[in-house]
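This briefing goes through the fold of one protein chain, topic by topic. The sequence and the structure come first, and the notes follow.

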Amino acid sequence: MVSPIPSRYPRVSPYLCVSDCHAAIQFYSKIFGFEERMRIPMPGGTIGHAELALGDGVIMMSDEFPDMGVLGPKSVGGTPVTISIYVEDVDAVHRAALEAGANEMREPEDQFHGDRSSKLEDPFGHVWSIATRIEDVSPEEVAERAKKMFGG
């Protein structure tokens, strides 16, 4: 019997549409450490589907196909979605992303909930929150710190 949930896939996977899937695969692999699992090339050199893995996470992606309504954030004027990713060294990854063409939205800084994090927009219009855990904080302590920080 076939499992309804494939064994190598998380239950939730973001699907990114970009204007240059080849370049996005290179960027995500070099900057974030994703490994390409597969790609389906299309006529004309575009990519109809690709999968990248990082740890137990997977992102799926494709080039834009405007005639099918498949558009990336740059074509639709931005995105309300932020993709969160944990890395070994947020400062180094943030710097490398900027050097590779990302736009800084928030520089790396320590957060009350135990992460050091930053935020950037990649060259393809997707927004990433990049974090490194620097302190283990209990849910109770996070709530207490939030109360002090936000006044309530």
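**Strand pairing and overall fold**

Strands S2 and S3 are paired in the antiparallel sense, over 6 bridges. The model is predicted. Its chain holds 4 helices and 8 strands, which follow one another along the sequence as β-α-β-β-β-α-β-α-β-β-β-α.

**The open sheet**

- S2 and S3 belong to an open sheet of 4 strands, ordered S1-S4-S3-S2, in which the pairing is mixed.

**The nonpolar core**

- The largest nonpolar core contains 26 residues.
- Phe27, Tyr28, Phe32, Phe34, Met61, Trp128 and Ile130 have the most contacts inside this core.
- Two or more core residues come from each of these elements: strands S1 (15–18), S3 (47–54), S4 (57–63), S5 (82–86) and S8 (127–133), and helices H1 (21–32) and H3 (90–99).
- H1 is the element that gives the most to the core, with 7 residues.
- As background, nonpolar side chains in soluble globular proteins tend to be buried together.

**Contacts of Phe34**

- Leaving aside residues up to four places away in sequence, Phe34 touches Tyr28, Ser29, Leu52, Ala53, Leu54, Ile59, Ile85 and Trp128.
- Two of these partners, Tyr28 and Trp128, are also listed with Phe34 among the residues with the most contacts inside the core.

**Packing of H1 against H3**

- The axes of helices H1 and H3 come within 9 Å and cross at roughly 150°.
- Because angles over 145 degrees count as roughly antiparallel, H1 is roughly antiparallel to H3.
- The crossing of these two helices is right-handed.
- Where the helices meet, H1 contributes Phe27, Ile31 and Phe32, and H3 contributes Val93, Ala96 and Ala97.
- Of the H1 residues at this contact, Phe27 and Phe32 are also among those with the most contacts inside the largest nonpolar core.

**The chain as a whole**

- The chain has 152 residues, and 36% of them are buried.
- Taken along the principal axes, its C-alpha atoms fill a box of roughly 55 × 45 × 25 Å.
- Among contacts with a separation of 6 or more, 50% are between residues 24 or more positions apart.

Technical notes. Residues numbered from 1 in each chain as written. Predicted model: local features only at pLDDT ≥ 70, side-chain atom pairs only at ≥ 80, totals over all residues. Heavy atoms only, no water. Core = buried A, V, L, I, M, F, W, Y, C linked by side-chain atoms within 4.5 Å. Buried < 20%, exposed > 50% of the residue type's maximum accessible area, 1.4 Å probe, protein only. Contact = heavy atoms within 4.5 Å. Pairing = 2+ DSSP bridges. Axes fitted to C-alpha atoms, helices over the stretch in contact; angles between N-to-C directions. Parallel < 35°, antiparallel > 145°, perpendicular 65-115°, else oblique. Left-handed = near helix turned anticlockwise from the far one by under 90°.
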